[in-house]
Amino acid sequence: MQAIMIQGTASDVGKSVLCTALCRILANDGYRVAPFKSQNMALNSYITKDGGEIGRAQGVQAEAAKIDATTDMNPILLKPKGDMISEVIFNGKHYANIDALSYRENFVETVMPEVRSSLARLSESYNVLVLEGAGSPAEINLKNRDIANMRMAHETDAAVILVADIDRGGVFASIVGTLMLLDDAERARVKGIVINKFRGMKELLNDGIGWLEEYTGIPVLGVIPYFDIHIEAEDSLALSSMRFKKPQYYEFAIDVAVIRFPHISNFTDLDPLFEEPDVGVRFVTALSDLKNPDVVILPGTKNTVEDFLWLQQTGLMQRILQLANQNVRIIGICGGYQMLGEIIRDEHAVESTGGTYLTLGLLPIETTFITSKQTVQVSGRSCTGHEIEGYEIHLGRSVATKPMKPFIQFYDGRTDGIYTEQVFGTYVHGVFQNRPFTRDYFNTIRMQKGMEPISGDVLSDFEHREQAYEMLDRHVRPHLNMEKIYSFISESKIETK
């Protein structure tokens, strides 16, 4: 097994997307390739076929590599809950809620043998691993317990490619500074540098690249132009960089307001809405910003109780109820669905100090938190007649207090959610990724507003994702020194069947 590792000078420099690109490029070129990230901190997760929970980035990278994701690809997932405490997902299952100090001092070394076991299993099935680092490898205060960067490079004998984001400025200082803070053995692992998110004429960068290569002795393997590609993000840093698909002054015909909870999670549920014609999506954190939308969405959250209390304190709860009385459409997904109900009971203090909370009362359900988490891929047919695929990931169990139309009848016999024309809620993440459902839902709104519905076939989400992966290949490949990268893994190539 050979390994390439993508590390970055900072968070959000494009490590995940570059790993995704390499997974698709190598898969297209006949390699058996798999992604790996030993430890991931993310609020967007992915559910494997056997019900394991991993970081969404590794699930996406597995798709790009044309393979099924497994928990070996991300053995440790940290999901922040607030107050320096994270839920630790280990080998795909809930392990414990652990504070940062205990995690660092006690947990990391305990689980290293299992991390190595994950690597060993992957090496039996694949001949190339594309590893992703976390944050920066040069965090001095974390290095002695960092298992996501250089330690993994040493474990796998990986060639490290250091990525820097030129769009944020200071690219040369960030590269040189990172290399200076590595020790000799770590620095020797860095075989190449990639400058990412470049805007402008590359010719104007050539002098800087020449200086950088001479100063560091490390070749620049590529300069990747900025490209707005629809690849799912893994954490809330991406929320701050989300942009409208049209200029912000554009008046969208359909206004969708998404409540940006303090603990928002799995917000990739909303990605298809950014691609839906006539639809503008905006994230709302203050009462003054909510205004008069056509649709309000309460998305998933890592802490339903705390975020519901925040909803009350900000005045957003009262305004949402006013909008509901004005027949504005309200949608709740997972934690947002729980808030749409009448009561949340947390008797075991799963997400709070314990107690019962009266919620929005827009749907006749009562939710009780229990200590076991539901994580499963699901499929079924919605009451609107659409095929629905997605995944569940929640601790609460919700029951209707009176007969209502369920949103989905699963093929395993279960039902989920409640659907009315004005208000619907579901535990199913990825509901909008079912594009025919999404198109028909917004066509109903179009017609109510006197607009023409959009007709014609709509691509499936799988087709959308495949297009994105192929576009990523075509965008990244010409700007990387692939011959040099192939030299890192020359012994791993197999014939394409």
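Strand S7 (residues 85-90) and strand S8 form six bridges and run antiparallel; two strands count as paired if DSSP finds at least two bridges between them. Within this pair, isoleucine 85 has aspartate 99 of S8 as its bridge partner. The names follow DSSP runs numbered from the N terminus, with helices (H or I) of at least four residues and strands (E) of at least two.

Residues are numbered from 1 along each chain as its sequence is written, and side-chain values use heavy atoms, with hydrogens and water left out.

Let me return to the sheet. S7 and S8 belong to an open sheet of four strands, in the order S3-S6-S7-S8, with mixed pairing. Strand S3 (39-41) and strand S8 (93-99) each have a single partner strand and stand at the edges, so one side of each is left without a neighbour in the sheet. On average, neighbouring strands here are turned by 25 degrees against each other, direction ignored. Helix H3 (residues 100-125) packs on this sheet and touches S3, strand S6 (76-82), S7 and S8. The direction of H3 makes about 145 degrees with that of S8. For these values, axes are lines fitted to C-alpha atoms, for helices over the stretch in contact, and angles run from 0 to 180 degrees between N-to-C directions. Contact, here and below, means heavy atoms within 4.5 Å.

Strand S19 (residues 365-382) and strand S20 (residues 387-400) run antiparallel and are joined by 13 bridges. Glutamine 374 faces histidine 394 in S20. Four residues lie between S19 and S20 in this hairpin, and glycine 385 in the turn has a positive phi of about 90 degrees. Strand S17 (residues 343-346) is joined to S19 by three bridges, in parallel. S17 is also joined by four bridges to strand S18 (residues 355-358), which runs antiparallel to S17.

I turn to the helix pairs. Two packed helices are described by the angle between their axes and the distance between the axes. Helix H1 (residues 15-28) and helix H2 (residues 56-64) pack at about 20 degrees, with axes 8 Å apart. H1 and H2 are therefore roughly parallel to each other; the scale takes angles under 35 degrees as roughly parallel, over 145 as roughly antiparallel, 65 to 115 as roughly perpendicular and the rest as oblique. Ser16, Cys19, Thr20, Cys23, Arg24 and Ala27 of H1 meet Ala57, Val60, Gln61, Glu63 and Ala64 of H2.

H2 also packs against helix H14 (residues 461-476), at an angle of about 80 degrees and with the axes 10 Å apart. That makes H2 roughly perpendicular to H14. In this contact, Val60, Glu63 and Ala64 of H2 meet Arg465, Glu466 and Tyr469 of H14.

Finally, a word on confidence. The mean pLDDT of the protein chain, the predictor's confidence in each residue from 0 to 100, is 92, and 95% of residues reach 70 or more. Where pLDDT is low, the predicted coordinates should not be read in detail.
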